[in-house]
Amino acid sequence: MTWWPHSSRSGSGIGMETRKRRHIDVCLHGPVEYETVTTGLEHYRLPYNALTQTSLRRVRLDTRFLGKPLSAPLLIGAMTGGAELSGTINRNLAAAAQRLGVGMMLGSQRIMFHNDAVARSFAVRDIAPDVLLIGNVGLAQLSEPVLPALERALEHVGADALAVHTNPLQEAMQRDGDTDFTGSIDRLRTLAATLRQPVLLKEVGHGIGAAAAAALAGSALAAVDVAGAGGTSWARVEQLVRYGEIRSPALAEWGVPTAQALLEVRRTLPDVALVASGGIRTGMDAAKALAMGADVVAVARPLLAPAIQSADAVVEWLLGFIDELRVCLHGCGAADLAALQRGGVLTA
Ligand SMILES: Cc1cc2nc3c(=O)[nH]c(=O)nc-3n(C[C@H](O)[C@H](O)[C@H](O)COP(=O)(O)O)c2cc1C
């Protein structure tokens, strides 16, 4: 049975802007989350301490990431840009990030390379002057000729850093996806060593595990965002956009679960700054990921619907998340993030 009633079955020849709009529609209304794979965080628990010596009100969540202060260890995940609606989404997310002092990742800026008109959908610096703002480009689209356009796009939005997303499974699900990843590790290493801004590598929900992390050893990458399996599956999103239904469930459910990805990358690259994302849905998920070695967490899809509504709706969602995280630290006797990390997690 076809799930997505208005999807074109051809899938080819649609413009990037239309594809972005379909991504948003499918992510809002479709069954895009993993059905059988979980983050694995449920296999861990925080050590609860009935005799905590902390005061909830005074628990500190502030930290620094990529050289900028954050009032909580939280980034709004990379979502979108390019489609008309994306401007509204980005501005509501950015206004919320500014109000709460958290960071924000923009969606892929590739569309800006050839289309000046869409640049305004990424413009948020006027309302988010202090926010840690991270630009975005796909590893598969990274080549020497695009570098000047990429640098211009980063300048244009006022990005503090760049996230490069690696997404071989997502691209393989698209009819005209970029499926040649040969030489991409070298291109990433060169970019990380030469770009003015710090470079972070992320997945899009299928996870960066031990093998990928090992390939990054000795590189100048500033951070890795594991973007593991257990939340939004982009192999699901692309199948729904292309066919209106899931035709390869095994591919839709494939990836390195977030908890496993986190442990593998931390073990392989002990000194790299680490973002936990992919299915991070609650303050408790965040607390466990931080206790397992992440420096910050990122949340994407749960913020999409609030971002279409208003900045207030995004703030409300984030405040609930941050409040729960604060209670987690209090309940395990951690007055700050360093104490949370010293306490670690127990296996459930
Ligand atoms: C609507 C939408 C658009 C996205 N666009 C991008 C993108 O342009 N670049 C990128 O690196 N990741 C993109 N992502 C992936 C997210 O950043 C994230 O890695 C993934 O959704 C898993 O996190 P989640 O389970 O919290 O949604 C997008 C996610 C959503 C929901």
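Which residues is Val204 in contact with, leaving aside its neighbours within four places in sequence? I looked this up before anything else. Val204 is in contact with His165, Asn167, Gln170, Ala227 and Trp234; contact here means that the two C-beta atoms, placed from the backbone, lie within 7 Å.

**Ground rules.** I am working on a predicted model, where local features need pLDDT of at least 70, side-chain atom pairs count only at pLDDT 80 or more, and totals for chains, interfaces and linings use all residues. Residues are numbered from 1 along each chain as its sequence is written.

**More on Val204.** I found Val204 in the loop between strand S8 (199-202) and helix H6 (210-214). Those labels are DSSP runs numbered from the N terminus: helices are H or I with at least four residues, strands are E with at least two. Val204 counts as buried because it has 26 C-beta neighbours inside 10 Å. The cut-offs I noted: 20 or more other C-beta atoms within 10 Å is buried, 12 or fewer is exposed, and in between is partly exposed. I also checked Val204 against Ala78: they sit 126 residues apart in sequence but 8.8 Å apart in space, C-alpha to C-alpha.

Two strands pair if DSSP finds at least two bridges between them.

**Zooming in on S6.** Strand S6 (residues 133-138) has 5 of its 6 residues buried, so the rest of the structure largely encloses it. On one pairing, S6 runs parallel to strand S5 (residues 103-105), joined by 2 bridges, and Leu133 is the bridge partner of Met104. S6 also pairs with strand S7 (residues 161-165), again in the parallel sense, over 5 bridges. Asn136 stands opposite Ala163 in S7. To get from S6 to S7 the chain passes through helix H3 (residues 147-157), and this β-α-β crossover is right-handed: with the strands pointing away from the viewer, the path from the first strand over the helix to the second runs clockwise.

**S9 and S10.** I counted 3 bridges between strand S9 (residues 223-225) and strand S10 (residues 273-277), which pair in the parallel sense. Here Ala223 stands opposite Ala273.

Which residues does UniProt list under "binding site"? The unreviewed entry's positions include Thr80, Ser108 and Asn136; such annotations may be inferred rather than shown by experiment. I looked at two of these.
- Thr80 lies in the loop between strand S4 (74-76) and helix H2 (84-100). It is buried because 26 other C-beta atoms lie within 10 Å.
- Ser108 lies in the loop between S5 and S6. With 23 C-beta neighbours inside 10 Å, Ser108 is buried too. Not counting residues up to four places away in sequence, Ser108 touches Gly81, Asn136, Val137, Gly138 and His165.

**The core.** The largest nonpolar core has 112 residues, and Leu93 and Met104 are among those touching the most other members. Such a core is a set of buried Ala, Val, Leu, Ile, Met, Phe, Trp, Tyr and Cys residues joined through C-beta atoms within 7 Å.
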